[in-house]
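Biologist: I would like to learn how to read the features of a protein model one at a time, with the general idea given before each case. Could we look at it together?

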Amino acid sequence: MGKITLSVIKADIGGYVGHSAMHPDLPAKADEMLGKAKKDGLLIDYSIISCGDDLDLVMTHTKGEDNEEIHGLSWNIFEACTEVAKKLHLYGAGQDLLADAFSGNVKGMGPGVAEAVFEERKSETILVFAGDKCAPGAWNLPLYRMFADPFNTAGLVIDPNMHDGFWFEVFDIHNERRVFFDSPKEMYDLLVFVGSPDHFLIKGIYRKNEDGSRGEICASSSTQKLALIAGKYVGKDDPVMIVRSQSGLPAVGEVLEPFAFAHTTSGFMRGSHMGPLMPVSFEDATPTRFDGPPRVICAGYQLADGMFVGPRDMFTDISFDNSRQMALDVADYLRRHGPFEPHRLPYVEMEYTTMPNVEKKLQDRWEKL
Ligand SMILES: [Mg+2]
């Protein structure tokens, strides 16, 4: 079997109730349409997961990245699910479908996309992460720790296949440019940028070939450049991420370990607050308190000739209980700041909310000091 493509395409096309969760009729509709695409031979296999109000289509095929048929299928599914959501009067039906019609590729049209093309290994372990009430930058810290931090990933020290490090692909989403960093050699340079996760995002991580050049893909996130559509910044939304694991890559436990610390991300209520990212089971991916705290789920799979064996619900493990408790404590602490920073996003981010109107209203009343 040649190379396969793993595509994870997500959208929020209606919440139940409010923004808190997924109505079962939406994945049911997606299942019907994905089932047909599999029968017709477009897909090898598929799996459907959801985190909060986001529906995630996890698909294998042989068409490569940015494929019009695969992206078109996803767009059609999100449109059909929007119809279901409208019938049920779900909240924000079709809210992530920001373009009027599909034009070859869902990137920059509202949905989020993470894709990876690779030769399936003898045992191909895949971890798919989905976040809700958070921002794409939420993956920066865990990805750094998985692939660059020896205090997290023992394999960086003791596995000869990982000892030379990895290549990090970083997007500057505001300026539409990207750069590759050679880790660990350029680790401190890398941190200068990815430590600002609302500006610089880790898009992909690549294995290092023997000559030090960039090799196969190890991790891929739904990061994309920001595009202003319908008065909304696209590419700021709840992200997904694919991480390949084991055999010369971080072990499953090393990929999950960063989530034992509930780090803060922007998102939470109205996408305008900082909050802790809480790792939860599929069942607990229903953010209700102040529309949060932000959640992350992890679906584990073994691939068998492109077929999904799974998903396993990776964060059900009780060993993430302390992280969940930490997230709840941090949420309590931050919540008491109310409309004050650092709970509310910094002043510059308010540019997309009420700030311009309030500024305008007061423009004649400011007195020079
Ligand atoms: Mg969401």
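Biologist: Which residue of β9 does isoleucine 205 stand opposite?

Modeller: Before answering, please note that this is a predicted model, in which local features need pLDDT of at least 70 and side-chain atom pairs count only at pLDDT 80 or more, while totals for chains, interfaces and linings use all residues. Residues are numbered from 1 along each chain as its sequence is written. Helices (H or I, at least four residues) and strands (E, at least two) are DSSP runs, numbered from the N terminus, and two strands pair if DSSP finds at least two bridges between them. Here isoleucine 205 stands opposite alanine 219 in β9, and the two strands concerned, β8 (residues 200–208) and β9 (residues 214–221), pair in the antiparallel sense over four bridges.

Biologist: How many residues lie between the strands in the hairpin of β8 and β9?

Modeller: There are five residues between them, and in this hairpin glycine 212 takes a positive phi near 90 degrees. On from there, β9 also pairs with strand β12 (residues 240–245), in the antiparallel sense over three bridges, and serine 220 stands opposite isoleucine 242 in β12.

Biologist: What is isoleucine 205 in contact with, leaving aside its neighbours within four places in sequence?

Modeller: Two residues are in contact if their C-beta atoms, placed from the backbone, lie within 7 Å. By that rule isoleucine 205 is in contact with Leu143, Phe147, Phe166, Trp167, Phe168, Cys218 and Ala219, once neighbours within four places in sequence are left aside.

Biologist: Which members of the largest nonpolar core touch the most other members?

Modeller: A residue is buried if 20 or more other C-beta atoms lie within 10 Å of its own, exposed if 12 or fewer, and partly exposed in between, with C-beta atoms placed from the backbone. A nonpolar core is then a set of buried Ala, Val, Leu, Ile, Met, Phe, Trp, Tyr and Cys residues joined through C-beta atoms within 7 Å. The largest one in this model has 92 residues, of which Val128, Ile205, Ile242, Ile297 and Cys298 touch the most other members. The largest share of this core, seven residues, comes from α2.

Biologist: At what angle do the axes of α1 and α2 cross?

Modeller: Axes are lines fitted to C-alpha atoms, for helices over the stretch in contact, and angles run from 0 to 180 degrees between N-to-C directions. The axes of α1 (residues 25–39) and α2 (residues 68–87) come within 9 Å and cross at roughly 145 degrees. On the α1 side the contact is made by Asp25, Leu26, Lys29, Ala30, Met33, Leu34 and Ala37, and on the α2 side by Leu73, Asn76, Ile77, Ala80, Cys81, Val84 and Ala85.

Biologist: In what order do the four strands of the open sheet come?

Modeller: The order is β2-β3-β1-β4, and the pairing is antiparallel. The edge strands are β2 (45–51) and β4 (112–119), each of which pairs on one side only, and the twist averages 15 degrees from one strand to the next. Helix α1 packs on the sheet, touching β2 and β3 (54–61), and its direction makes about 165 degrees with that of β2. Helix α2 packs on the sheet too, touching β1 and β3, with its direction at about 150 degrees to that of β3. Within the sheet, eight bridges join β1 (residues 3–11) to β4, and the bridge partner of lysine 3 in β4 is glutamate 119.

Biologist: Why is lysine 185 counted as exposed?

Modeller: Lysine 185 is exposed because 12 other C-beta atoms lie within 10 Å, and its place is the loop between β7 (177–183) and α5 (187–194). For a contrasting case, helix α3 (residues 140–148) is mostly covered, with nine of its nine residues buried.

Biologist: Where are the cis peptide bonds that join a glycine to a proline?

Modeller: One joins glycine 292 and proline 293, with omega about -15 degrees, and proline 293 lies in the loop between β15 (278–279) and β16 (295–304). Another joins glycine 310 and proline 311, with omega about 10 degrees, and proline 311 lies in strand β17 (residues 307–313).
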